[in-house]
Structure formats: C-alpha cells, structure tokens
Amino acid sequence: QVKNMHFAVLSPLNPEVIKLLELAKEKGVDDRIHNLPYVKHNIVTSYIRTASFGIHPIKRYPNAEIALPNKLFEYIHAGIPIIVSNNSAMEKFVSKYKVGKTFIAESEIDLAKKINELIGEPLKKYSTNLNRNKKIFNWEKNEEIFKNIYKKIKQKKVLRIPHKNDLHVLHLPKSAASQPTLIAESLRNIG
C-alpha cells in the first residue's frame with residue numbers, strides 16, 4: 001500500500017480510466033487520483049516535470065518485450081525517475097542506465113513495494129544518471145544519424161517506386177514529443 005501520494009493519469013477519459021476512478025472512489029482515495037488530458041507533444045516534458053517519478057506499467061506481451069516507449073525518454077527528459085514493468089527491453093534499459101526501478105508486470109503488490117522504495121530514497125540519487133542520459137537520448141544528438149541514413153537511402157534509391165518521378169519514403173513515428181518535427185525540419189534542409 002502506498003500512502004500520502006497523489007496519482008495523475010494523463011489520458012482521455014476512457015473505460016479503463018473510468019474503472020480506475022471508480023475503484024479509487026470505492027477505496028476512499030478518489031481525492032488523490034487526478035485524470036488529466038493529453039497535452040501537445042512539444043510540452044509533455046514540461047508538463048510532467050513536477051512529478052516525483054513516472055510509471056510505465058505495460059503488460060507483458062511480445063511487442064512490449066522489445067519496445068522502449070517514448071514515455072521512458074519523456075520521463076528522462078523531464079528529469080524524473082522511472083518505475084517500469086519487467087518487460088525485457090525496459091527492464092534492461094532501466095537497469096543499464098540506472099534511471100529507476102522495475103516491478104513484476106501486473107503485480108500491484110510489487111508495484112506498491114517499488115513505489116515505496118523509490119519515495120523512501122533521495123530522488124537526487126537518480127539526478128546524475130537522468131541528466132547524463134538526457135544528453136545521450138535526444139533527437140538533436142541523433143539528428144545527424146538520421147540525416148546520414150536518409151542521405152544513403154536517397155543516394156542508393158533503395159525505396160524506389162516505379163514511376164516517372166522518384167519517391168523516397170522514410171517512415172517515422174507520427175507524434176513523439178516533437179522529435180519527428182525536428183527530423184522533418186532537418187530533412188527539408190537536405191532535400
């Protein structure tokens with residue numbers, strides 16, 4: 001059990017959130033759970049920066065085992081430690097870069113334990129690692145890598161569609177904390 005904590009859910013009001021709010025009311029803690037709407041991708045990190053930590057409780061399934069969701073990097077850039085479920089890729093990432101804790105997926109008991117452990121530690125314990133990783137995992141740093149990939153694709157005409165005009169396609173995420181916007185702007189500059 002976690003005491004004296006407020007919980008913010010950034011999500012549209014959907015059946016799962018409604019169920020969570022109803023459960024909070026049933027347990028008498030509805031004054032400590034807050035449903036907040038999504039915000040624009042370019043202000044996510046500013047919006048969540050005042051949280052003590054972020055949680056990504058994704059269930060275990062094949063794609064989740066290999067995924068590193070944008071949420072992890074948004075938490076890092078907001079400077080807040082992370083608690084993630086023990087999906088392979090996320091568990092390895094959090095452990096390797098020392099940015100938070102891992103709990104057994106779908107175990108509310110283990111999640112509560114990890115939350116209590118984290119709030120019992122000085123949060124500054126993670127500050128150095130979070131700041132270091134902000135410098136490693138950012139689109140500005142990786143912009144050159146993407147530009148070079150795009151240039152190679154363009155030079156080799158790897159993705160040619162048989163048509164009188166060449167069309168080159170590079171598929172990137174649609175909205176992920178403004179990174180694709182930065183990439184798109186840089187790609188416009190190289191043609």
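Author: Let's begin with a helix: the buried residues of H6 pack against strand S3 (54–56), strand S4 (82–85) and S5. This is a predicted model, in which local features need pLDDT of at least 70 and side-chain atom pairs count only at pLDDT 80 or more, while totals for chains, interfaces and linings use all residues. Residues are numbered from 1 along each chain as its sequence is written, and side-chain values use heavy atoms, with hydrogens and water left out.

Reader: What is the span of H6 set against?

Author: The expected span is 1.5 Å times one less than the number of residues. H6 reaches 18 Å from its first C-alpha to its last, close to the 18 Å expected.

Reader: Which residues of H6 are buried?

Author: They are Asp 110, Leu 111, Ala 112, Lys 114, Ile 115 and Leu 118. Buried means under 20% relative accessible area, exposed means over 50%, and partly exposed lies in between (1.4 Å probe, protein chains only).

Reader: Why is Asn 129 called buried?

Author: Its relative accessibility is 13%, and the cut-off is under 20%, so Asn 129 counts as buried. This residue lies in helix H7 (residues 127–136). Asn 129 touches Tyr 97, Lys 98 and Val 99, not counting residues up to four places away in sequence; contact means heavy atoms within 4.5 Å.

Reader: What makes S3, S4 and S5 a sheet, and in which order do they come?

Author: Two strands pair if DSSP finds at least two bridges between them. S4 and S5 are joined by 4 bridges, so they pair by that rule. The 3 strands form an open sheet in the order S3-S4-S5, with parallel pairing. S3 and S5 are the edge strands, as each pairs on one side only.

Reader: How do you know that Glu 117 and Lys 101 form a salt bridge?

Author: The rule asks for a side-chain nitrogen of Lys or Arg within 4 Å of a carboxyl oxygen of Asp or Glu. The closest N and O atoms of Glu 117 and Lys 101 are 3.4 Å apart, and the pair forms a salt bridge. Glu 117 sits in helix H6 and Lys 101 in strand S5, 16 residues apart. With 29% relative accessible area, Glu 117 is partly exposed, while Lys 101, at 14%, counts as buried.

Reader: How many salt bridges does this rule give?

Author: The count comes to 6. One of them joins the side chains of Arg 60 and Glu 65, at 2.7 Å from N to O.

Reader: What is the largest nonpolar core made of?

Author: A nonpolar core is a set of buried Ala, Val, Leu, Ile, Met, Phe, Trp, Tyr and Cys residues joined through side-chain atoms within 4.5 Å. The largest has 26 residues, and those with the most contacts inside it are Ile 83 and Ile 115. H4 gives the most to this core, with 5 residues.

How values were computed: Helix = DSSP H or I, 4+ residues; strand = E, 2+ residues; numbered from the N terminus.
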